[in-house]
Structures are given as structure tokens and as C-alpha cells.
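Please read them with the model open beside you.

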Amino acid sequence: MRKLEEVLQDWEAVIGLEVHAELTTLTTKMFCGCKLEFGADPNTHTCPVCLGLPGALPVPNKAAIESIVLAGLATNCDIEKHSMFYRKNYMYPDMSKNFQTTQGPIAFCMRGHLDLEVDGVGAKERIDLGNLKPGETGAADSTAANVTRTEDGYVAHVGITRIHMEEDAGKMVHVGGGEGRIAGATHSLVDYNRAGTPLIELVTEPDLRTPEEARLFMQKLRQIYLAIGISDCSMEEGSLRCDGNVSLRRRGTKEFGTKTELKNMNSFKNLHDGLAYEICRQAEVLEEGGIIYQETRHWDPSKKRTIVMRVKETADDYRLFPEPDLAPYDLSDEFINRVRAKLPELPDEKAQRYADTYGLSAYDARHLVDHRVTANFFEACMDLTQGDLAKPLANLIINDITAHMNADEFFDLPTSPLTPERAVELVKLLADDTISSKQAKQVFTAVLEEDKDPAAIVDERGMKQVSDTGAIEVVVDKVLAENPDKVEQYKGGKKGLLGFFVGQCMKETKGQGNPKVINQLLTQKLGD
Ligand SMILES: [Zn+2]
């Protein structure tokens, strides 16, 4: 198979996402009063409504409708005042009602969008930006019509078709087969505790063009859902799930190709890699004259390939019809405004505020709000310094702290030995040249390992950087005197030797000389 970068030269990928989020912060199910509790004993949270027993009548959960309206407002959707529920009929033991209660084409939230900032290596997946200059948007009839060029990448405008309300099914456990699969199982168990859990499904327009854009969309949506507090958004535990539709068309053509649907992309990496694989697979099939079938495929991260799960059902198979037990829903302006008043500061607004208030670059500001804990940590630091040292503190958080978080999944910043007070102290030691940046990295590690203040670590280890010009001058003079031949060569034009002199001085000071001062004195004495 060819590589993604090569395939994308010839083919345009058209990607849409369907994102399910369980409203885990609610206390009860969607249409009954059963408790929502992850990990309870099987079938202990059930009742006639969520088991679908004859005569049981559903009552919608108002808090769940507040949550979906909040999600719609946070993703720039229009809130549809009049909408209704439908029955999506299917027979499978995970839903004993034999239908799922869901919304039709008109849902609570319609016509939204998110803007994605794509930069770094990921921006290279997009090859149709041509000669766009920063600030320019692609021509309306071009493939880059939804894209605006920035200094270090681009912004993609991604449409959201709708966010609709539905309910989750129960959980099947297949016993005796490999990896819990149904194939080879001797029997299956079903737990209805999850049946009827409020679920919202967001459907995007087919506006995404690269796996990186899909990954960033999912990441941004997760940040927003966490900020508004409607779900714990755990991709590992399945409270945030993502399916991707992908098709290819030859560059320069307009007609959509046949799409496949990808399942099981339960991490940002799997989402990216699964889509990348599927794009390359489809290209290979098409280039060999084959046909893409509309089917559902499963991404297997360990084998790094997608496999067919089933041929796709069409909407007709579900016999969708209006739910006779639930009246159509009419949301009042008063209700919508009350929900709007609950909207917290969203990640994009937060990043803008950091840039405006603390003079940070858009890149730094955006990466600080990538995680709620890093944003909170940064704000706690700013409270301590009254807004000073924003840039070096942002660097510490984006580089060192985030790297630590990525390397150790159990690392919990709020309870770690690195408090905002210690972070500020560390950055001050660096800013006033008490320690070098190399030493700062060692102190950072030592704070986490030894749970001590940075100043105490610097004292104990005698780490202080020598910035005293007099003391350094002695060293510089000594190094120059010991290397008369190199001094001659330097004066003769071999300016690269400066690095050699700096290195010798650092060695003489046992790594504690301030490189800034050393550089300054050296160039002075060498007559530059
Ligand atoms: Zn129930």
C-alpha cells in the first residue's frame, strides 16, 4: 500500500464523523428514574420503562435536554424549538424494547460548526492549499473553500449537521470466545444497567479532508464537552465514541465516492491511524480497478488494518417512525436562555483571553487550554505572579509538564509535588540567571521525585549558576591563554571556534558558568 502523503496527492479524502457522548454527569436515565452508575452489579438499575415491559410509559429527562442544548450552544448550533422522538426498530438482545428511542432528521441542535487550527506536521496532510497566503481563504469553487491560511498552518471551518438525543443500549458480554468476541462464544450475558443512558450524537458535514483534521475535531469537541461538564468523555471506557465515514474521489472531481464506516476508534491516535489506513486501502482498491462496498469496518490497532464487520444497513431497514408515547417537544425561549446563562468560558475564549491578557502567542495559548488541568495550573501561577513571567511559565507547562503527562498516564498534576508556587519559584530562578536552562530541567525532575522546593534543591546540590562577571572573566582569560593557536585561527576567520571556547569555559566552571555571560566576554575579548 502507498503512503498517506502519496495517496493524498492523487485522491481527495472526504471524511465525516459521528460522535456519541454519554451524559455521564447526570444522575438518572433518559426516560425513567433509574440511577446511572458505572460498574454497579448487573441488572440492578432497571425498571419496566428501560426494560420495555408492556404498558410502561417513558418520561423525558429534563436535565438531559438541558445538556444537549448546552452542547448545541457551545458548538454554534441553532437550537430547534420544535422537534420530536422516533423509534428506530431493530431486534438485538442488548435492547429489550426492540427499538431505540432517538430523534429524526430534525433534532434539538442543528447547523453548527467548529473551527480547527491545524499546524505543525499535521498541517502537511493537507496538500491543496497551493499559494494561499496567511489570512487568505480558498476560492469558493476550490477544494480549499473552507480553509483559511495562517502563519504556521491553517484554520478549517467544519460544519455540524446536527446533535440529536438518543439512548444507549445494554451491554453484552460474550463468554468463551476470544477477546470477548461473539465468534466462538459458548453463551452471552446481558446487563441492562446501561440501557436507557442519555446519549447525544453529533453528526458532522463531510467537511473533513485529512485524518489530522478528524483527530483535531474530536480533540476540540472533547475539550468543549468537558468544559460544559456534560460528560466525563472517557474514550477508553466508551463514554465518548467516534465512528468515521470516509470516501475518496479523484482530485479535481466533484462526485462523492462510496463511503465506508469505521468503528472502534477509541483513542485520538486510533482515529487518526484508522482513517489513514482506510484512505490508503480504498486508494489501492480503486487504482486496481476494484469497487468500494458500503460497509462497516473495524479498526484493529494491533494488526494495523481495518476488517469488514457487516454490510451497511440502510435507513429503511430500521423502519423509523414517530414515537407514539412521547409528545413532540417545544422548547421555550425562556428555557433556552436559562441554559445559555449556564455556558462557561469555552476553550477558544479562554485561549483568546490568555493571548490578550498575557501577551502569549496563539500557539502557546491554545496548547495551555488543551487540558483543563494545565489551564487551571497556568491561571494559578498567574494569580501568584500577577501576570508576570507568563511566557516562561507557559513554556514550562507546554514543554516539561505536558511531556510528563504524556509519558506517565498516572501523573496527576493537581496532586503532584509540583505546585504552582514551586513552578513560579523554578521559573524565577531561571529568569534571574541563578540556574541555567539545563539545570532548570534537572530541578524540575528533582521537585517531582523528591517533593522539595526548587530553591532548596539548588542549594543542596550547589547548582547555582555563576553569573559574576569577575569570576567568569578569570576563566575566559585562562581558556584563551591556553589556546593561542585557536585564538589565531578565530581571528583569521574561523568564527565557528566560538563554540569550542564556550565549551572549554563551561568545563572550567563545571557547567555552572552562565553561558550568556561567557559568550558576551568571549566575543568582547576576541575583538568581535
Ligand atoms: Zn429504568
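Predicted model: local features only at pLDDT ≥ 70, side-chain atom pairs only at ≥ 80, totals over all residues.

1. Of the 528 residues in the chain, 36% are buried. If one looks at contacts between residues at least 6 apart in sequence, 70% of them join residues at least 24 apart.

2. The chain is divided into domain 1, which covers 4–126 together with 159–327, domain 2, which covers 347–460, and domain 3, which covers 469–525. Between the C-alpha centres of domain 2 and domain 3 the distance is 33 Å.

3. For helix 16 (residues 498–508) and helix 17 (residues 515–525), the axes come within 10 Å and cross at roughly 130°, an angle that makes helix 16 oblique to helix 17. Helix 16 contributes Leu498, Phe501, Val502, Cys505 and Met506 to the contact, while helix 17 contributes Pro515, Ile518, Asn519 and Leu522.

4. Helix 3 (residues 62–74) takes part in a packing with helix 6 (residues 333–340), at an angle of about 70° and with the axes 9 Å apart. The two helices are therefore roughly perpendicular to each other, and their crossing is right-handed. On the side of helix 3 the contact involves Glu66, Val69, Leu70 and Leu73, and these meet Ile336, Val339 and Arg340 in helix 6. The residues of this contact divide into five nonpolar, no polar and two charged.

5. Helix 3 also packs with helix 4 (residues 211–228), here at an angle of about 130° and with the axes 10 Å apart. Helix 3 and helix 4 are therefore oblique to each other, and this crossing, too, is right-handed. The contact brings Leu70, Ala71 and Ala74 of helix 3 together with Ile224, Tyr225 and Ile228 of helix 4, and its residues are six nonpolar, no polar and no charged.

6. Where does Leu346 lie, and which residues does Leu346 contact? Leu346 is found in the loop between helix 6 and helix 7 (347–358), and, once its neighbours within four places in sequence are left aside, it is in contact with Ala74, Ile224 and Ala227. Leu346 is partly exposed, with 17 other C-beta atoms within 10 Å. Leu346 and Ile163 are 183 residues apart in sequence, and their C-alpha atoms are 18 Å apart in space.

7. Is Tyr277 buried or exposed? Tyr277, which lies in helix 5 (residues 268–287), has 21 C-beta neighbours inside 10 Å and therefore counts as buried, because a residue is buried if 20 or more other C-beta atoms lie within that distance of its own. Not counting residues up to four places away in sequence, Tyr277 touches Lys304, Arg305 and Thr306. Tyr277 and Lys3 are 274 residues apart in sequence, and yet their C-alpha atoms are 8.9 Å apart in space.

8. Asp433, in the loop between helix 11 (420–431) and helix 12 (437–450), has a positive phi of about 65° although it is not a glycine, and Asp433 is partly exposed, with 15 other C-beta atoms within 10 Å. Asp451, in the loop between helix 12 and helix 13 (454–460), has a positive phi near 55°, again in a residue other than glycine. With 11 other C-beta atoms within 10 Å, Asp451 is exposed.

How values were computed:
Residues numbered from 1 in each chain as written. Domains from an automatic or database assignment. Axes fitted to C-alpha atoms, helices over the stretch in contact; angles between N-to-C directions. Helix = DSSP H or I, 4+ residues; strand = E, 2+ residues; numbered from the N terminus. Parallel < 35°, antiparallel > 145°, perpendicular 65-115°, else oblique. Contact = placed C-beta atoms within 7 Å. Buried ≥ 20, exposed ≤ 12 C-beta atoms within 10 Å, placed from the backbone. Left-handed = near helix turned anticlockwise from the far one by under 90°. Nonpolar A, V, L, I, M, F, W, Y, C, P; charged D, E, K, R; others polar.
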